[in-house]
Amino acid sequence: MAGKVLLTLNVNGEQYEVAVPVHKTLLEVLREDMGLIGTKHGCELGECGTCTLLVDGRPVLSCLALPIELQGCDIVTVEGMASGGRLHPLQQAFAELGAAQCGYCTPGILLSAQALLAEVPKPTRQQIRAALAGNLCRCTGYTKILDAVELAALRTDGAADVAEATR
Amino acid sequence: MYPAQFDYHTPSSIQEAISLLTRLKDDAKLLAGGHSLVPMMKLRLAQPKHLIDLRKVPGLSGIKEQGGAIAIGALTTHYQVESSALLKQKCPILPETAAQIGDPQVRNMGTIGGSVAHADPAADYPAAVVALGAELVAEGPKGRRAIKADDFFKGLLTTAIQPDEILVEIRFPSWPAGTGMSYMKFPHPASRFAVVGVAAVVTVDGKGACSKAGVGITGAGTKAVRAKGVEAALAGKTLDAATIQAAAEKAADGVDVQDDPLQGSVEYKTHLLKVYCRRALEAALARAKK
Ligand SMILES: Cc1cc2nc3c(=O)[nH]c(=O)nc-3n(C[C@H](O)[C@H](O)[C@H](O)COP(=O)(O)OP(=O)(O)OC[C@H]3O[C@@H](n4cnc5c(N)ncnc54)[C@H](O)[C@@H]3O)c2cc1C
Ligand code: FES
Ligand code: FES
């Protein structure tokens, strides 16, 4: 039976109804059926982290997740980070410090970092490294990424004001 | 990249999951965190016609204390183990092990039951499961049975769980006062799986002699095993540096160390086993004395 299933997914605070084959992963459903192409395809086997998004606040690999299991969960993709036309403090810091080169790894790294800052607002460099251990970057050499997460953390006392302050 | 097509089932009880397994037999696979199974399905190394998702089955997840022992539900994620206050206090080797698995994304989805049922030779948990002398509780059409860790890992990706059984829980017995435990792993630099991993649990009595020891080995061979030679070399002895060194020399005895172009030669892994065994014993002993 290869029919489609009707799923209700909560992505970036909005409810979406999609009819998809059950064997498609969340990564493919987001990109192909929902038009949310911020989440990137990499290895597609769980190794590179570029497909990372947040499920109930925790980083998860969308290339290994079946959307049918995630109905009722809060899913956040990179498209959900900016609010009201303002970049998230992490996005702002990445842009300022040149922490993205080709940018392919960036959505996944931003979301892993967002989950870290939600749990540990002022992380050490070691904690940042551990939180980003599952996200590979082939361009930057990581130093600027670590710097940018630190900068965002430094600026984030009341996350909402930061985008304002850094304008 | 998609897995091949399958029918998806979400049983709402263990009994329903077992009757699905019994009915669908070899055409079905159980799905836990999907972090070993989904990659295998994408690579067509597994092509189940039916997936039975265990994640919505009540009663399969969680960590509880029962008469001194600790019971961990099969569907408990690596992250839940890593962050459990109860385990950090009562059985710290389990959070220590969980924290060394893969990366945060893998730990958020992967489950302890999926890891031991899959029995990857380079998986981390099996070393601690063997060292602590855990019991693995499987449930099938005939009811529940407890399988001793020493009888559980049968070979490469093979365990004592029968095709119509589900691993429901892992029980870790309590160890006496004066016990220290440690898991030491040499992670593969790319995959983070264990090239070798050694779990050491030692109990020292009032006079500083070793009254009980459990040592489990993973990574080097085709399955996790108990390092009987190491345990025998510790029994009853005062654990000074020379005794620990001599015991660690026996770490590879009885391990079917595999030659692997990506993971290392037999000689290399044998050497690593001895070094990591010594380090794990030293750390366990330091904690036992605290
Ligand atoms: C990038 C990456 C890195 C990793 N690094 C490590 C590492 O460093 N160390 C490590 O130990 N592991 C590592 N893993 C593996 C990870 O821990 C897996 O989560 C784990 O091996 C399987 O657990 P799961 O819950 O995902 O199981 P699944 O993938 O859902 O299932 C695995 C197998 O077990 C069976 N199964 C699952 N649950 C049960 C049950 N309750 N009863 C009976 N059978 C069951 C399934 O049918 C399937 O055959 C890594 C995985 C990835 C993707
Ligand atoms: S695409 Fe998911 S981890 Fe690489
Ligand atoms: S910026 Fe190119 S992969 Fe990270």
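I will start with one pair. E69(A) forms a salt bridge with R55(B), and the closest N and O atoms are 2.0 Å apart. Keep in mind that this is a predicted model.

Where does each partner of the pair sit? R55(B) is in the loop between β3 (50–53) and β4 (63–66) of chain B. E69(A) is in the loop between β4 and β5 (74–76) of chain A, and the pair crosses between chains. The rule finds one salt bridge across the interface of chain A and chain B. Over all chains, the structure holds 22 salt bridges.

Now the interface as a whole. Chain A puts 29 residues into the contact, and chain B puts in 24 residues. Between them the two chains bury about 2,400 Å², with 60% of it on carbon and sulfur atoms. Which residues of chain A lose the most area to chain B? They are H23(A), L64(A) and E69(A), and together they account for 27% of what that side buries.

On polar contacts, the rule finds 13 residue pairs across the interface of chain A and chain B, with both residues at pLDDT 80 or more. On the side of chain A that touches chain B, the elements giving two or more residues are α1 (26–33), β4 (58–61), α3 (106–119) and α4 (125–131) of chain A. The largest share of that side comes from β4(A), with four residues. Sorted by class, the side of chain A that touches chain B has 15 nonpolar, seven polar and seven charged residues.

Next, ligand 1. Which chains surround it? Residues from chains A and B do, so the site is shared between chains. There are 30 residues around ligand 1, and those that come nearest are L30(B), L37(B), T111(B), D124(B) and R192(B).

- T111(B): a polar side-chain atom lies 2.6 Å from an oxygen atom of ligand 1.
- G102(B): here a backbone N or O atom lies 3.0 Å from an oxygen atom of ligand 1.
- K29(B): a polar side-chain atom lies 3.4 Å from an oxygen atom of ligand 1.

How much of the ligand does the protein cover? On its own, ligand 1 has 980 Å² of accessible area, and the protein covers 95% of that. The elements giving two or more residues to the shell around ligand 1 are β2 (28–31), α7 (112–118) and β10 (166–172) of chain B. Of the elements, α7(B) gives the most to the shell, with four residues. By class, the shell has 13 nonpolar, 13 polar and four charged residues.

E82(B) belongs to helix α3 (residues 78–82) of chain B. What does E82(B) touch beyond its neighbours in sequence? Leaving out residues up to four places away, the contacts of E82(B) are K88(B), P95(B), A98(B), A99(B) and R107(B). One of these, A98(B), is 16 residues from E82(B) along the chain, and the C-alpha atoms of the two are separated by 5.2 Å.

The contact between chain A and chain B buries about 2,400 Å², and the ligand 1 site is surrounded by residues from chains A and B.

Conventions: Residues numbered from 1 in each chain as written. Chains lettered and ligands numbered in written order. Predicted model: local features only at pLDDT ≥ 70, side-chain atom pairs only at ≥ 80, totals over all residues. Heavy atoms only, no water. Contact = heavy atoms within 4.5 Å. Buried area = accessible area lost by both parts, 1.4 Å probe. Salt bridge = Lys/Arg side-chain N within 4 Å of Asp/Glu carboxyl O. Polar contact = N/O pair within 3.5 Å; in protein donor to acceptor, adjacent residues only side chain to side chain. Nonpolar A, V, L, I, M, F, W, Y, C, P; charged D, E, K, R; others polar. Near = heavy atom within 4 Å. Areas by Shrake-Rupley, 256 points an atom, 1.4 Å probe, with all protein chains shown as cover.
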